[in-house]
Amino acid sequence: MQAGIELHVSKKRVKNINFRLKPYSLMVSVPMTISEAQLVQFVAKRIPWAMMHHPQVLAQYRRRQSKSSNSSTANSSVLLWGKEQSVTLSPDKKITYYRQQLSDVAPSLFDKWQPIVGAHANEIRLKKMHTRWGSCNTRAKRIWLSVYLPAYPIECTEYVIVHELCHLHHANHSHAFWQTVATAMPDYKQWHNMLAGKTGQLD
């Protein structure tokens, strides 16, 4: 394609043709049954649109990159268990700090909640997760916790632990699962709601 935009076509089990414009690339997902002639026709119609909007997509991408670059080394204040600390750390050092804090408290928190939930994890791991607060491998009974949890009140971490332990009883988010969570931690909604507005999710 023109303007330095590469065309990437992938056939998938989809009903419609989907276009996604990224910096220097136009991603096209098409049904498995589409003919070459149909594909060429649909893409040809989208080329002017892609060329028109690409500068805007590129500008947004560069702004994000610039912002990320500027903030990647800047020190910022530290929240620990929901309270602001009198120190500032770079993002990398903050992760190290949070990982250590979570490592220190996790064993005792699991010791507290495992008997209450009636389930025990075989393994506990910490991970730099941007999209989840926690996850559970039910077969291995392995629970992962996000290293970002120490920024919030410790009850939020306790809730995530309870949530993941309850998955050892119920692998899904069924009504029975939430009943198990509520039985173990009656005020879980307060901490659930506090985390719900953030970027992480629970699995």
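Q: Is Ile124 buried, partly exposed or exposed?
A: This is a predicted model, in which local features need pLDDT of at least 70, side-chain atom pairs count only at pLDDT 80 or more, and totals for chains, interfaces and linings use all residues. Residues are numbered from 1 along each chain as its sequence is written, and side-chain values use heavy atoms, with hydrogens and water left out. The classes go by relative accessible area: buried is under 20%, exposed is over 50%, and partly exposed is in between (1.4 Å probe, protein chains only). Ile124 has a relative accessible area of 36%, so the class is partly exposed.

Q: Why do the buried residues of H4 lie on the same side of the helix?
A: The buried residues of H4 are Phe177, Thr180, Val181 and Ala184. The arc is taken from the directions from the helix axis to the C-beta atoms. These residues share one side of H4 because they cover an arc of only 100°.

Q: Which elements do the buried residues of H4 pack against?
A: The face of H4 turned away from its buried side carries the exposed residues His175 and Thr183. The buried residues of H4, in turn, pack against H2, H3 and H5.

Q: Which elements do the buried residues of H5 pack against?
A: In H5, the buried residues are Tyr188, Trp191 and Leu195. They cover an arc of only 75° around the axis, so they sit on the same side of H5. Exposed Lys189 and Asn193 are on the face turned away from that side. The partners of the buried residues are E7, H3 and H4.

Q: Which residues does Met194 touch, not counting residues up to four places away in sequence?
A: Met194 is placed in helix H5. Its relative accessibility is 32%, so Met194 counts as partly exposed. Leaving out its sequence neighbours, Met194 touches Pro153 and Cys156.

Q: What is the volume of the largest pocket?
A: Rolling a probe the size of a water molecule over the atoms shows where empty space is left. On a 1 Å grid over the protein atoms alone, a pocket is an open set of points where a 1.4 Å probe fits, with protein on both sides within 12 Å along at least five of seven lines. Grid points are joined across faces, edges and corners, and a volume is the space filled by probe spheres set on the points. For the largest pocket, the volume is about 300 Å³.

Q: Which element supplies the largest share of the lining of the largest pocket?
A: Lining residues have an atom within 4 Å of a point, and the largest pocket has 13 of them, with Pro91, Asp92, Lys94, Ile95 and Tyr148 lying nearest its centre. E4 and H2 each supply at least two residues of the lining. Five residues, the largest share, come from H2.

Q: Is Trp81 buried or exposed?
A: Trp81 lies in the loop between E4 and E5. Phi of Trp81 is near 50°, a positive value in a residue other than glycine. With a relative accessible area of 18%, Trp81 is buried.

Key:
Helix = DSSP H or I, 4+ residues; strand = E, 2+ residues; numbered from the N terminus. Contact = heavy atoms within 4.5 Å.
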